[in-house]
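Reader: Could we go through this one together, a few spots at a time?

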Amino acid sequence: MRSQLARNALRRLLASELPAALPPGFTLPRPSVRAYPARSRVARLPQRRSFIKLFQKPPRALKEIDAEPGYETLLQYRAAENDSLRPPPQAELIKAWREFFAYKTRHGRTVNSTQATCAHRVLLHLSAQASDGPDTDLSEDDLRSARKCLLKPPRDDYTSHLELSRAIYSELKRQGVDQPKDFFALLVALTQYGQSLEARDLALDYDERMRQQDPDDLPYNYFVPVIRGLAREGHEPELLDLASRAIKAGVEHDPALHGIMTNYFALKDNIGQTKFWFNKPISKNDPPAPSTYYEILRFALRNDQQEWAMGVYQNLVESLESGPWGRHKSSWDTSFQWAVALLGKSVDHVEHMINVAYEHTKHKPSAQPNIGTINSLIKVAMDKDDAYLAERFLALSKKLGLEPNYKTYMLQLEYRIRANDIDGAFTAYQSLQNLEDATKDKELPVLNSLIRALCAVPDPSHERVLDVTSYLEQRHVTLEPETVVSICMAFLKNDETYEVIDTLSLHTIHYSVAERYMVRAAFVDYCLDTKNSTARVWDAYALLRQFFPEVEMDARVKIMDAFFDRRRADMAMHVFGHMRSHDNPTLRPALETYVRFLEGLGRCPDDESLRTVHNMLKMDTTVQPNTRLYNALMIGYTACDQPYRALDFWKEITESPEGPSYATLEIVFRTYEITPDGDSLANELWEKIKRMEIEIPDKVYLAYMAATAAHGHLSDAKTLLGNMDDVLGKSPDLHDFGIVYNALPSPSTKREFQSWAEKRYARTWGVLKATFLRKQNDEGLRQFKIRRPYKA
C-alpha cells in the first residue's frame, strides 16, 4: 500500500526544487475530443468484441517498488526543513537513519548525492538537539556504518558525500568517541572525493601532534591514502614532498607505495621518473604489484621503451624460476601477460609457459595457475582489441581443465559486446546465470552494457532484455540511468507501456537529482522527436509527468509547442493545464507561457482549448495583462474565427498606458482581414498611422495589404505592392505576392491578380510558382503553401 504521507512529503520536496521519485501510476488516457476532422486524428483504438473478453487474461499487475527503508522519513525531514514545518520526531529520524544505512550495507547499494544531502541535513539537526539519553542520539556504530556506505563513490556529484563524511567525523569527536581509524577514514574520504591537499594538511598536523604524545608508537599508514589521492589529482610537488617525508618517517616502501609513485609517472609518460621509481627497491624483497607491471608494460609500448621493458621482463622470469618470487602467483600471471603483449607469443607458447609454471609450483598450490590466470590473459587480448585471441585463451582454459568463473564470463561478455557480437554476448550471460557465486560489484557495468546493446539493435528482443533485467532485479541491482533510458526507449517503440512503468518504478526511485535528469531529458527528447507517432508521444509525456514532476518549465513548453506542431491543440491544452495545476509555483504558467500557448493556437486553432486557457488566465492572479498578452489573445481569437472578440482586446490595448506595439498593428490588420467590415476599419487605422508619420515595418505593411486584398480591393492591393519601393525602400518579393494572392476572396480576383503579376513581375511570380506549391483550401480556393506565423 502506497503511503499518502510519503506522497505529501515528496510533493513538498519538489516544491522546494529538490526532486524526488514519486510512486508510479497508470498513464493518463490520451485526449479523445477535438475539433478537427476524423481523418486528421492519430489514434490506436482497440477492437471491441465483447465475447472475446471472456477469454482475455486480466491486466498484469505492476511490480512493487523496491523502496529503501528509512529514506521516506529522511525525505520528510528535508521537505519539512524547506517549508519551515515541524520535522519528524527525533526517535523516528534515528530509526530511519539506522534502517536506511543498514539496508545500504546489506545490499551493497551506493548512496546517491540526493540521499547524502538528506542524511547530512538530518545529522546536523540531530547534532543540534539536546540529548536525553542513549536512544535520542546516533551511536558511534550508527555513524561508522553510514561512513562506510559513503566510501562507495556515487555516479554523479560527490560534494554531499564529502560534507557528510566531515560531519560524521565532527560528530564522533563531539561525542568523544573518535579513534585513529575514524581519522584514517576521514582522510580516505577526502582523498577519494578530490580534497587531497586538505587531507595532506590534516595528516601532517596529526603526525606532529602524535609525535609530541608518543613518538615511539606512530602508525604511518594514514600517509598512503593521501599520497594516492595527491597522485590521482596530479599535485606533483606535494606528492614528491609527502612521499619523501613518509619514507623518512618510516613508512615502508611496499608494493602499494611503489605502485602509486611508478604508475603516476608512467601515466604522465615521464620516462626518467618512471624508471627511477620502478627500480627503487621494495621492502621485504616483494615483487611489484600486478597493476604496476601492467601499467609499466603499457608505458613502455607507448614510449618506445621495449628494450628497457625486455630487461624488466628477463628479471621477472629469473626471479620466478630461481628467485624468491616463485611463490607469488600474481607474478607468474604477469609473466604470461608480458609474453603476449611485449613479445607477441602465441597461445601455444603461453600454454607451454603455464605448464612450466605448474612444474615449478607443484609444491606451492597457492601459486599455481588457475582460472584467474586465464582471466588476466583475456584482459590482455581485450586491450589489444583482439576478440579472436580472447576466445582462444578461453578455449585454452577448457584444455587445461580450468572452469570459467563469474569474472571469466563477465570478460567474455565485455569483449563480445565490443565486437558487436550480441548473440554471443547473450550466450555468455546465460552461462554466468548458472553460477551460484555473485559478484561483489552490485552495479555490474558490463551487464548494463549488455542491456544497452540488446536495446540498440534494429529489432531488439524484448524477451532477452527482460531476462537480463529480471536477473538483476532479483539481486537488488539498480541499473545505470543510461540503461534505463535504453530500455524505456526500446519498449516505448513497441508500445510496452507496462514494462516502461516497471522499469521507472524500480530504478528511478534510487536515483539522485542529476541521474533523474538524465532519464527525464531522454523522455523529453522522445516527445520532441517528430519521427515518433502522436499516440506514443502522448504515452511518453504521461509517464514523464507522473514519474518526473520536477520537469523544467522550458521542457514542458517545448512539449506543448510540439503538440501544436502535430496539429493537436487539445493535447497542448492538457500540457498547459498540468502546468497550471502543478504543486510547485515555479512550474506554473507565467505570462510568457500564456503567450506561447496562444501563439500556438495561431497555427493550430481550437475553440475549446482557447476557451479553457482563457478561463485559466481570468482566474490566475499572478499574471498582470500587458500589451504582449493582449496581442496573444487577439491571435488566439483571430485564429479561431472570432474577430470581434479579438478586437475587444485591441480596444483594451488602445486604452492602456502601454499602448500598441508594431506586433499589435500587424495582428489587428490580420484580424481586420477576416472581419466582415474590416476593410473600412483597416483603412481608418492606416490613415491614422500615416498621419502620425511613424516608421512602418515590413510586416505591418504586408498585413494591411493582405487585409485590403481579403476584402476584394484588388486595385488597391496592386497599388500597395507597386508603392513598396517608395514606402519600405524595397521591391515586393515572392513572399509578398504569395500572401496577397492567398488573401484574395474569389477565383476571379486570383486569376486577375496572377495575370497582372505575370506581366509586371514575371520573374518574381515565376520563382513563387516554382518555390511554393498551390493547394485548395476548405473553400475550394487555391493558395500557395506559405507559412505566415503569428508573433505577439
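Reader: Is isoleucine 694 buried or exposed, or in between?
Author: Isoleucine 694 counts as partly exposed, because its relative accessibility is 32%; partly exposed lies between buried, under 20% relative accessible area, and exposed, over 50% (1.4 Å probe, protein chains only). This is a predicted model, where local features need pLDDT of at least 70, side-chain atom pairs count only at pLDDT 80 or more, and totals for chains, interfaces and linings use all residues. Residues are numbered from 1 along each chain as its sequence is written, and side-chain values use heavy atoms, with hydrogens and water left out.

Reader: And where does isoleucine 694 sit?
Author: Isoleucine 694 is in the loop between α34 (678-692) and α35 (698-710), helices being DSSP runs of H or I with at least four residues, numbered from the N terminus.

Reader: Switching to α4, how far apart are its end C-alpha atoms?
Author: They are 23 Å apart, which agrees with the 22 Å that the 16 residues of helix α4 (residues 113-128) should span at 1.5 Å a residue, the expected span being 1.5 Å times one less than the number of residues.

Reader: What do the buried residues of α4 pack against?
Author: The buried residues, among them Cys118, His120 and Leu123, pack against α2 (71-82), α3 (90-107), α5 (140-150), α6 (159-175) and α25 (513-528), with contact meaning heavy atoms within 4.5 Å.

Reader: What about aspartate 606, buried or exposed?
Author: Aspartate 606 is buried, with a relative accessible area of 4%, and is found in the loop between α29 (591-603) and α30 (607-619).

Terms used:
Helices (H or I, at least four residues) and strands (E, at least two) are DSSP runs, numbered from the N terminus.
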